[in-house]
Amino acid sequence: MAGLVMAAVLIACGNANANSSSPAETSGGGATTTVKIDGKSVEVDTFTVEHYTNDAIAEALVREKFTSKLPKISSASGFGKKKAEVVWRAFAPHGFSIDFVEYGRATVIHYEKGIEIIRDGNSWFYGNIPYDGPSSIFHITAVESVLHPGVWEPAYADLSFGGSDLELHFLYKGACKEDHWILFYDFEQKKYGINSNADMQISVKEY
């Protein structure tokens, strides 16, 4: 399992010139505040400060450093053939990544060379994530962006059968070499009836 996680992470991190959409728009209400991160003052969305720790924000800023320089993608036209469409239960942290809340659903469409995430009528496109059959279908889900509330990005869901803390590894990282993730703790999984990745899925369709 760990090997699959690292393979997925390296696919997204290993190419600084890989096409990926940059979530520059925020729909979290627009209010911002200044926080101290590693001794520096940083202005971020107020929603982010209320829902994530300083460590999570610091990691997101590292990812943003790389992804903000990548070309934006506005369609899946360069991703090749559609391979699968998976509808996931949409979860996002509420209260410093400890308490998760379910926010409807998010659709992840897999193509040969990228994915599209659809939520509430909005789409985001992420390139350089090749389709890998069951590993893609049952592990690549969608999580809300730390720095850009209302924007959803891909994450690799790592949960062993039988129950353990679910790790959601961020895949949208540009050339960033670091592995960043958020934890969906066991007690939260039990609350939502999650014992495997399949319990987070509503439907799976392959083409």
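Asp120 sits in the loop between β5 (114-119) and β6 (strands are DSSP runs of E of at least two residues, helices are runs of H or I of at least four, both numbered from the N terminus). Phi of Asp120 is near 50°, which is a positive value in a residue other than glycine.

Some ground rules. This is a predicted model, with local features taken at pLDDT of at least 70 and side-chain atom pairs at pLDDT 80 or more, while totals for chains, interfaces and linings use all residues. Residues are numbered from 1 along each chain as its sequence is written, and side-chain values use heavy atoms, leaving out hydrogens and water.

On confidence, the protein chain averages a pLDDT of 83, and 82% of the residues score at least 70 (pLDDT is the predictor's confidence in each residue, from 0 to 100). Over residues 1-27, pLDDT stays under 50, and for this stretch the model has 74 contacts beyond four places in sequence (a contact is heavy atoms within 4.5 Å).

Now the sheets. An open sheet of five strands runs in the order β6-β5-β4-β3-β11, with antiparallel pairing (two strands pair if DSSP finds at least two bridges between them). β6 (122-127) and β11 (201-206) have a single partner strand each and stand at the edges, so one side of each is left without a neighbour in the sheet. On average, neighbouring strands here are turned by 25° against each other, direction ignored (axes are lines fitted to C-alpha atoms, for helices over the stretch in contact, and angles between N-to-C directions run from 0 to 180 degrees).

Within this sheet, strand β3, residues 82-94, pairs with strand β4, residues 99-111, in the antiparallel sense over 11 bridges. Trp88 has Ala106 of β4 as its bridge partner.

Gln201 is found in β11, and beyond its neighbours within four places in sequence it is in contact with Val86, Val87, Trp88, Ile137 and Phe138. Is Gln201 buried or exposed? Gln201 is buried, with a relative accessible area of 13%. Its side chain reaches the backbone oxygen of Ile137 at 2.8 Å (a polar contact is a pair of N or O atoms within 3.5 Å; within protein, one must be able to donate a hydrogen and the other to accept it, and residues adjacent in sequence count only if both atoms are side-chain atoms).

The other sheet is also open. It has four strands in the order β7-β8-β9-β10, with antiparallel pairing. The edges are β7 (140-144) and β10 (181-184), each with a single partner strand, so one side of each has no neighbour in the sheet. Neighbouring strands of this sheet are turned by 40° against each other on average, direction ignored. Strand β8, residues 152-158, and strand β9, residues 166-170, pair antiparallel over four bridges. Tyr156 has His169 in β9 as its bridge partner.

Next, charges. How many salt bridges are there? The count comes to four (a side-chain nitrogen of Lys or Arg within 4 Å of a carboxyl oxygen of Asp or Glu). I will go through some of them.

Arg89 and Glu102 meet through their side chains, N to O, at 2.9 Å. This pair links distant parts of the chain, with Arg89 in strand β3 and Glu102 in strand β4, 13 residues apart. Arg89 is buried at 15%, whereas Glu102 is partly exposed at 31%.

Asp120, where I began, forms a salt bridge with Arg119, and the closest N and O atoms are 3.8 Å apart. Arg119 is buried, at 11%.

Lys190 and Asp186 form a salt bridge at 3.3 Å, N to O. They are four residues apart in helix α5 (residues 186-191), which means a separation of about one helical turn. Lys190 is exposed at 61%, and Asp186 is partly exposed at 25%.

A last item on the backbone. Asn128 also has a positive phi, near 65°, in a residue other than glycine. Asn128 lies in the loop between β6 and α4 (134-137), and it is partly exposed at 27% relative accessibility.

Terms used:
Buried < 20%, exposed > 50% of the residue type's maximum accessible area, 1.4 Å probe, protein only.
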